Amino acid sequence: MPVVDEKKTTEEEWEPRILAFACNWCTYAGADLAGLNRMKYPANIRLLRVPCSGRVNPQYVLEALQKGCDGVLVCGCHPGDCHYSTGNYYAKRRLMIFKRFLEYVGLEPERFNVKWISASEAGRFRDTVKEFTEGVRKVGPLKESFTLAPSAGDKLFGAHNESEAPASEEGGAA
Amino acid sequence: MSDITTTLRERARALMEDGTIAAFIGWEAGRFERQTTPLICLDAADTDRLIFDEYCVNTTAKYVRDLKQRGRIGVAVRGCDSRAINRMIEDNQFKREDVYLLGIPCPQMNDRKTGTVLNKCQDCAHRNPVTYDELLGEAMEETAPQDRYARAHLVSGLDRIARQNIFNMAFERCIRCYACRDVCPCCTCRTCFVDQRNVGWLGKQDNLSENRFYGMIRAFHISDRCIECGECERACPMDLPLMAINKKLVEDMNTLFGEYESGMTTDNEDALRSFSKTDLEEFE
Ligand code: SF4
Ligand code: SF4
């Protein structure tokens, strides 16, 4: 298997890389409030501001996981509080199905989650990030089997071994 | 079977001659034994080439989209074809009055090579057309499969690593011919997301992540509309277990958001196109 980033895959140095989609009207403000209150939460999270959780196309989630993130979190307003009134209800249905789908094709449940966090819930934001990061840390790096797939060239030159179990299996430690 | 062929030819010819329809979609004998190919009749003489036997494996409804500007289109429909027509009407591809449907109760189709009933036909719960203008032959007794989601249950019972292996190996096999998309009656976008991906760059790499991206997102795009016809899996030259994916999505939506069956009517309330305030809350 090709090892692309030595540092990222060695266990002591590995830090989970997590992408969080945050709704502009609630979670993003909640994160801001957490900052204002000097709350501490893991720096593994990268916030990506979206206008609504309904804007999060499930394909972004898959793309993030396949291009190097170890976990993806989607945060939006509590049902009933959507700035656009219904966006998060659609997002909820979509992501409920998509989460099951990801698990069905073999992803650990810890790697993708959705949380409703309002603009005033700074503490909840902190706790969610902590919990999620711990979950991802526990299952370890999402290695090449998912993120950097072998290409057709690898088949020709024998870089990829089909019989080998996918690497994300033994990512327990760290 | 041959009597269906005869009535089919007669009716198609009559409809073409009296100007009811501008074209007729059916099947004709292929170049090999036990093989058929879709036939589009553009004038009455063509209708003599129509046949119907247990090797008419193609679901032809999607051709209506290519022909609709010619006028009203006649289609020979079995259960799956008729549900595909319903689906496309609901997706605003054409209107019910744009098609004239000759319904055929389906004797189930066979695999050309093995002579056994096709997987998609084994799973079929609607052999009789659900919508038609004329029914040729007697309606069949339906033989619903024991477990609607059997193809998904085969996989969902396995542990995570096994599932990951199955799908990694499957997606690695995919050659991105897009046959599954091209035959699917739900895949009617003029420009598919996958054709817009990194255009001019390395958008169409044949590797596991790109193939998985395509396979999963295509399945997800049509997930709430999938009529479970199994045509994608039949068309796939690389034998990907596509129905294991589609059935899984349909099963989840049925259990979470209420029972439905896409394609039975033209006013199905698609699960991802609607919501209910009483939906299960699992992200609290
Ligand atoms: S079974 Fe396949 S071809 Fe048929 S509607 Fe579903 S995805 Fe499309
Ligand atoms: S038909 Fe099969 S090989 Fe072709 S793109 Fe679809 S899944 Fe891939």
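Which residue forms a salt bridge with B:R148, and how far apart are the closest N and O atoms? The partner is B:E228, and the closest N and O atoms are 2.7 Å apart.

The model shown here is predicted; local features need pLDDT of at least 70, side-chain atom pairs count only at pLDDT 80 or more, and totals for chains, interfaces and linings use all residues. Residues are numbered from 1 along each chain as its sequence is written, chains are lettered from A and ligands numbered from 1 in the order in which they are written, and side-chain values use heavy atoms, with hydrogens and water left out.

**View 1. The salt bridge of B:R148 and B:E228.** A salt bridge is a side-chain nitrogen of Lys or Arg within 4 Å of a carboxyl oxygen of Asp or Glu. B:R148 lies in the loop between β6 (134–135) and α5 (150–156) of chain B, and B:E228 in the loop between α8 and α9 of chain B, so the pair ties together parts that are 80 residues apart in sequence. Helices (H or I, at least four residues) and strands (E, at least two) are DSSP runs, numbered from the N terminus. Buried means under 20% relative accessible area, exposed over 50%, and partly exposed in between (1.4 Å probe, protein chains only). B:R148 is partly exposed at 21%, whereas B:E228 is buried at 12%. Helix α10 of chain B holds B:K247, which is buried with a relative accessible area of 2%. Leaving out residues up to four places away in sequence, B:K247 touches B:R148, B:Y149, B:R151, B:A152 and B:E228 (contact means heavy atoms within 4.5 Å).

**View 2. A network of salt bridges in chain B.** The linked residues are B:R87, B:E90, B:D91, B:R225, B:D270 and B:R273. Within this group, B:R273 pairs with B:E90, their closest N and O atoms being 3.2 Å apart. B:R273 lies in the segment after α10 of chain B and B:E90 in helix α3 (residues 79–90) of chain B, so this pair ties together parts that are 183 residues apart in sequence. B:R273 is partly exposed at 48% relative accessibility, while B:E90 is buried at 10%.

**View 3. Helix α2 of chain A and its buried residues.** The helix covers residues 27–36, and its buried residues are A:T27, A:G30, A:A31 and A:A34. Seen down the axis of α2(A), these residues fall within an arc of 100°, so they line one face of the helix; the arc is that of the directions from the helix axis to the C-beta atoms. They pack against β1 (18–23), β2 (45–50), β3 (71–76) and α5 (122–139) of chain A. After α2(A) comes A:R38, whose phi is positive, near 60°.

**View 4. The interface of chain B and chain A.** Chain B gives 47 residues to the contact and chain A gives 48. The buried area is about 4500 Å², with 60% from carbon and sulfur atoms; buried area is the accessible area (1.4 Å probe) that two parts lose on being put together, summed over both. In chain B, the residues that lose the most area to chain A are B:M216, B:F275 and B:F283, together 17% of what that side buries. The rule finds 5 salt bridges across this interface. The side chains of B:R197 and A:E63 meet in a salt bridge (2.9 Å, N to O).
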